[in-house]
Number of protein chains: 2
Amino acid sequence: MLEKAISDNGSRIDYKDMTKSLQQNLSKLQLKMKEKNLPVIIVFEGWGASGKGSLIADIIKMLDPRFFNVYSTLPGTETDRRYPLMKRFWENIPAKGKMAIMDRSWYQELAIARLEEGISEEEYDRRIESVNVFERQLTDDGYLIIKLFLHISRQEQKRRFIKLREDNSTKWRVTDTDKMRNKNYDTYYKQFDDMLKRTDTEYCHWRVIDTTDKQFTRFQLFNILVSQITNAVNSEPHYPIPADVTTMFPMQKTPLLSEVPLENKVLKPSKYPEELKKCQKQLAKLHGKIYKKKIPVVIAFEGWDAAGKGGAIKRLGAAFDPRGYEAVPVAAPEKYELNRHYLWRFWRKLPKTGHITIFDRTWYGRVMVEKLEGLTPEARCAMAYREIDEFERELTRSGVILIKFWMQIDKDEQLKRFNERMENPEKQWKITDEDWRNREKWDLYETAVNEMLEKTSTVYAPWTIVESNDKLYARIKVMNTVIDRLEEALKK
Amino acid sequence: MLEKAISDNGSRIDYKDMTKSLQQNLSKLQLKMKEKNLPVIIVFEGWGASGKGSLIADIIKMLDPRFFNVYSTLPGTETDRRYPLMKRFWENIPAKGKMAIMDRSWYQELAIARLEEGISEEEYDRRIESVNVFERQLTDDGYLIIKLFLHISRQEQKRRFIKLREDNSTKWRVTDTDKMRNKNYDTYYKQFDDMLKRTDTEYCHWRVIDTTDKQFTRFQLFNILVSQITNAVNSEPHYPIPADVTTMFPMQKTPLLSEVPLENKVLKPSKYPEELKKCQKQLAKLHGKIYKKKIPVVIAFEGWDAAGKGGAIKRLGAAFDPRGYEAVPVAAPEKYELNRHYLWRFWRKLPKTGHITIFDRTWYGRVMVEKLEGLTPEARCAMAYREIDEFERELTRSGVILIKFWMQIDKDEQLKRFNERMENPEKQWKITDEDWRNREKWDLYETAVNEMLEKTSTVYAPWTIVESNDKLYARIKVMNTVIDRLEEALKK
C-alpha cells in the first residue's frame with residue numbers, strides 16, 4: 001500500500017486557502033458530531049519524523065478542548081501486559097459526540113512488536129485479527145475511525161533527523177531507536193506494508209499520505225477529516241445483517257432449557273456442610289496456584305431471577321483470597337456507560353493475570369433484557385452473538401479461563417422463592433416489581449435464552465447449565481465446575 | 001497507645017459462641033448498610049504476621065461479595081508518586097452502601113515511609129495532617145471508618161516468623177524486610193505509637209487489638225465491627241457547624257463582584273491577533289518547561305453563563321501540547337458520582353506531574369448551584385468552604401500550581417449574549433431553559449459568589465477575577481495570568 005501513498009508531485013498548486021476553508025469546516029463539524037452523537041477516533045501512525053505531532057497540533061487548534069482527548073501510545077507497561085491486548089485501547093474509546101486522537105495506537109502492537117519484540121508469526125496473525133475485530137465492532141456501533149499513515153522516504157527521514165539534531169532544543173527527539181529504524185528502513189517498509197494491507201478493511205480503510213510536502217499534507221489531512229466526518233454525520237445508523245455464528249466459531253452443543261431435568265438434582269442437607277468445606281478448601285488451594293502461575297479467570301453468572309446467583313457467588317467468594325478476586329454486580333447501564341460501546345464497561349473490569357473477576361450478570365444482558373424490553377434496536381441486538389463470541393475468543397486467547405453459568409430453575413420454583421422473599425422482611429429488598437414483570441414474559445425469555453445458549457456456547461467458552469431447583473446442589477455444582485476448569489487449566 | 005492494646009490476660013473465657021453470634025449479626029448488618037446507604041471503610045494496620053490476612057478472610061466469609069472490595073496497599077509506584085499523596089486512596093473510597101476493606105492503607109505513607117524512605121519531619125507532619133483531613137472529610141460525609149491496629153510483641157512476632165519459615169508453603173511470606181523490622185522492633189514500636197497517637201481523632205479512633213490469642217482477637221474484631229456499624233446505621237446524618245475558614249487559612253483579599261469595574265477593560269480587535277500569538281507562543285514554551293520540571297498544573301474555570309469560559313479554554317488549549325493536558329467539562333454528577341463523596345470525581349481527574357488539567361466548572365458547584373437549587377442540604381453545603389480550602393491546600397502542597405478564574409460579566413452583557421445565541425443556529429445548543437432560570441436568580445448567585453470568593457481565596461490558591469464584558473480582553477487576561485503563574489513557579 002505504501003507505494004500508492006498520495007503525494008504532491010510538484011504540482012505547484014497553492015493549497016493554503018483550500019486548507020483554511022477545510023479547517024473552518026472541521027470546526028463547525030464538531031457541533032454536528034455533538035448533535036448526532038457521533039464518536040470519532042483518529043489514528044496517527046507512520047514513520048518517525050513524519051510529522052504526527054505537528055499535524056495533531058494543527059487539528060486541535062480547530063477544536064474545542066472539551067470535545068476531544070489526545071492519547072499518546074507508549075509501549076505497554078508490565079501491568080498492561082497482564083491484561084488482554086486490546087484492554088487499554090478499549091478503555092480509551094471516546095464517548096458519543098466526542099473525539100479521540102491517537103498519537104500512535106494499537107498498531108504499535110503489530111509491526112513494531114513483530115520486528116522489535118520478536119513475537120511469533122502466530123501471535124502476529126492473532127493480533128491482526130484482534131485489531132480488525134476491534135475496529136469492526138466499533139464501526140458497527142456507529143464509531144467513525146479514520147486511520148492515517150504518514151509516509152516519507154528513507155532519505156527524507158534521514159534529512160529530518162539531521163535537521164532535528166542540529167537544533168539543541170530538538171536533538172533529544174532523535175533516539176538511537178530512530179537511527180536504527182532508519183538504517184533498516186527497507187525491513188520496516190516491508191513490515192508496515194504488510195500490516196497496512198492486512199488491516200485495510202472495507203469498514204476501516206487506511207489513508208497513506210506522503211508528508212514530504214507540508215502544505216499538501218495539511219490539505220490532504222483536513223480534506224480526509226472533513227469528508228469522512230461529513231459523511232458520517234449525514235448517514236443514518238445501519239445494521240449489517242448478522243452472520244451465522246454457529247458456522248464461524250467452534251460450537252459446543254447445549255440442551256434446550258426444557259430438556260434440562262431438574263427433579264433429581266438434589267443434595268441432602270446433611271451432606272452439604274462437608275461438601276462445601278471440601279470444595280472451598282480445594283478452591284482456596286487452586287486460587288493460590290493460578291495466582292502463582294498468573295492465570296486470569298472470569299466467572300460469569302446468568303440465570304432466572306431468584307435462581308440463586310448471589311448465594312453461589314457468596315460461597316465462591318468465601319473460598320478465594322479476597323485480595324485476588326473481585327465480584328462485579330452488573331446493573332442497568334448508567335449514562336456514561338450508555339455513551340459508549342456496550343462491551344466497554346466489561347472490558348474495563350477484566351482481571352489481570354492471576355486474578356479472578358466474578359460477574360453477577362454480564363454482557364449477555366444485550367440478548368436478554370435489552371432485546372426483550374426494547375432498550376436497544378432489535379437489529380443491533382442481533383449483531384451481539386458475533387460480538388460476544390469474538391469478545392470471549394479474545395479473552396480466552398489471551399489466557400483467560402472463562403467459566404459461564406446459567407442458573408436454571410422452573411417457573412413453580414421461582415414463584416415459591418418470590419413468595420418467600422415477599423414474606424421475609426430481610427429479603428424483601430431482593431424482590432421488585434420488575435421481577436414480577438419479567439416473570440410474566442417467561443416464555444419469551446426462555447426462547448431468548450435457548451437461542452443465546454445455542455449461539456454462544458463455544459468450545460473455548462462453553463456454558464454450564466446449573467440445575468438450581470435445589471440450592472445446595474446448585475452451589476456445589478458451581479464450585480465443582482470451577483474446580484474442574486481450574487485444574488484443567490493448571491495441567492497445561 | 002500501644003501499651004493499652006486490648007488483650008486477653010488469660011481470662012479463659014470461651015469466646016467462640018459469642019463470636020459466632022456477632023458474625024451472624026454482621027451478615028445481617030450488610031442489608032442495613034445497603035438500606036441506609038452507609039459506606040464503610042475498615043482499615044487493617046499492624047505488625048507483620050499479626051494476622052491481618054486471616055482476619056480479613058474471617059470477615060468476608062460473612063459478607064456478600066457484591067457488597068465489598070478488598071484493597072491491598074503496596075508501596076506507591078513511580079506513577080502514584082506523580083500525583084498528590086492521597087489520590088490513590090480517594091479513588092478507592094466505597095460507594096454508599098458498600099464496604100472497602102483495606103489490607104494496609106494510607107498509613108503506609110506515614111510510619112513506614114518515615115523509617116524506611118527517609119521522608120523529612122516536615123513531610124511527616126504534613127502527611128499526618130493529610131490523613132487526618134482525609135478521614136475527617138469522609139466522616140463528615142457520612143462514611144464510617146473503622147481503624148484497627150493489630151499488635152503483637154517482639155517475641156510473638158519472632159515466634160510466628162519462625163513458624164512460617166518452617167513450612168515450605170508459607171516460608172516465602174517472611175521477607176528480609178520482615179526480619180529487619182523484627183530486629184528493630186523498638187524503633188518501629190515508638191514510631192507506630194507516635195503515628196497512632198497523632199491520628200487518633202475524635203471522629204476516627206484507633207482500636208488496638210493484641211492478637212496473641214486468636215479466639216479473643218476474633219471476638220474483639222467482630223465486636224468492634226458490629227457495634228460500630230450498628231451505631232452508624234442507627235444514627236441520623238449530622239452536620240457539624242462549620243468553622244470560620246477565614247481564620248483558619250491564610251486569605252487573600254478579593255473585591256466584591258459589584259466593585260469590579262468592567263467598562264474600561266477592553267482590547268482593540270486590531271491588536272488581538274498579535275497579542276494572542278504572543279501569549280500562545282509563550283504558553284507553549286512554558287508548557288515544555290513545566291513538563292521537563294515535572295510541575296503539575298490545575299486551571300479551574302467558573303463564571304456566569306455565557307461569560308466566555310469555553311472561548312478562553314479553547315485558546316489556552318491551542319497553545320498547549322495536547323499530549324500534556326486534558327480539558328475536563330464538569331456537568332451535573334451522574335448516579336455513580338452522587339454515590340460517593342462529592343470531591344471524589346475531582347480527585348480522580350487531577351494531573352500527574354508535568355501535566356495540566358483544565359476544569360470547565362469545578363468543585364465550586366457545591367457552593368453555587370448545589371446550594372441555591374437545594375440539591376444538597378444547606379448545612380452540608382456550608383461545610384464545603386473548609387473542605388475546598390483543605391482540598392486546594394493538599395494540591396498546592398503536593399506541588400500543584402492551582403489557577404482559579406472567575407469570568408465576570410454584567411447582567412446586560414449576559415442578556416445580549418443569550419439573545420445572540422438564540423438567534424444563531426450554530427450556537428443555539430449552548431443556551432438552555434436552565435440558563436434563563438439561573439439568570440432570574442442573578443442576585444442570589446451574586447451573593448453566593450461573593451461569599452465563595454471571600455472564603456476560598458487563599459494565598460496558595462487565589463481567585464483571579466477576569467473582566468469579561470469584552471471577550472478579547474478576557475482571553476488575553478486569562479493567558480497572561482497563566483503565564484505569570486507558570487513563570488513564578490518555574491523561578492522557584
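## The interface between chain A and chain B

In this predicted model, chain A and chain B bury about 3,300 Å² between them, and carbon and sulfur atoms give 62% of that area. On the side of chain A, the residues that lose the most area to chain B are A:Pro65, A:Arg66 and A:Arg323, which together make up 19% of what that side buries. The contact takes in 39 residues from chain A and 39 residues from chain B.

Polar and charged pairs also cross this interface. Eight residue pairs are in polar contact, and four salt bridges are found. One salt bridge joins the side chains of A:Arg66 and B:Asp360, with 2.4 Å from N to O. A:Arg66 is also one of the residues that lose the most area to chain B.

## What chain A brings to the contact

Several elements of chain A give two or more residues to the side that touches chain B, among them helix H1 (16-35), helix H2 (52-60), strand E2 (68-72) and helix H12 (309-319). H12(A) gives the most, with five residues. By residue type, this side of chain A divides into 18 nonpolar, six polar and 15 charged residues.

How many of the residues of H12(A) are buried? The count is nine of 11, so the helix is mostly covered. Among the buried residues are A:Lys309, A:Ile313, A:Leu316 and A:Ala319.

## How the two chains are related

Chain A superposes on chain B by a rotation of 180° with 0.0 Å of shift along the axis, at an RMSD of 0.0 Å. That is the relation of a two-fold axis. In chain A, the C-alpha nearest the axis belongs to A:Glu334, 3.9 Å from it.

The interface residues show how the copies meet: 100% of those in chain A are also interface residues in chain B, so the copies meet through the same surface.

## Salt bridges within the chains

Over all chains, a search of the whole structure finds 92 salt bridges. In chain A, A:Asp305 pairs with A:Arg361, their closest N and O atoms being 2.8 Å apart. A:Asp305 lies in the loop between strand E6 (297-303) and H12, and A:Arg361 in the loop between strand E8 (356-360) and helix H15 (369-372), so the pair ties together parts that are 56 residues apart in sequence. A:Asp305 counts as buried at 14% relative accessibility, whereas A:Arg361 is partly exposed at 26%.

Chain B holds a salt bridge between B:Lys87 and B:Glu91, at 2.7 Å from N to O. These residues are four apart in helix H3 (residues 87-91), which means they are separated by about one helical turn. B:Lys87 is buried, with a relative accessible area of 8%, while B:Glu91 counts as partly exposed at 33%. Another pair in chain B is B:Glu392 with B:Lys404, whose closest N and O atoms are 2.8 Å apart. This pair links distant parts of the chain, with B:Glu392 in helix H17 (residues 384-397) and B:Lys404 in strand E9 (residues 401-408), 12 residues apart. Both B:Glu392 and B:Lys404 are buried.

## A loop residue in chain B

B:Asn184 sits in the loop between helix H7 (176-183) and helix H8 (185-198) of chain B. Is B:Asn184 buried or partly exposed? At 33% relative accessibility, B:Asn184 counts as partly exposed. The C-alpha atoms of B:Asn184 and B:Asp200 are separated by 24 Å, and the two residues are 16 apart along the chain.

Key: Residues numbered from 1 in each chain as written. Chains lettered and ligands numbered in written order. Predicted model: local features only at pLDDT ≥ 70, side-chain atom pairs only at ≥ 80, totals over all residues. Heavy atoms only, no water. Contact = heavy atoms within 4.5 Å. Buried area = accessible area lost by both parts, 1.4 Å probe. Polar contact = N/O pair within 3.5 Å; in protein donor to acceptor, adjacent residues only side chain to side chain. Nonpolar A, V, L, I, M, F, W, Y, C, P; charged D, E, K, R; others polar. Least-squares fit on C-alpha atoms with pLDDT ≥ 70 in both. Buried < 20%, exposed > 50% of the residue type's maximum accessible area, 1.4 Å probe, protein only.
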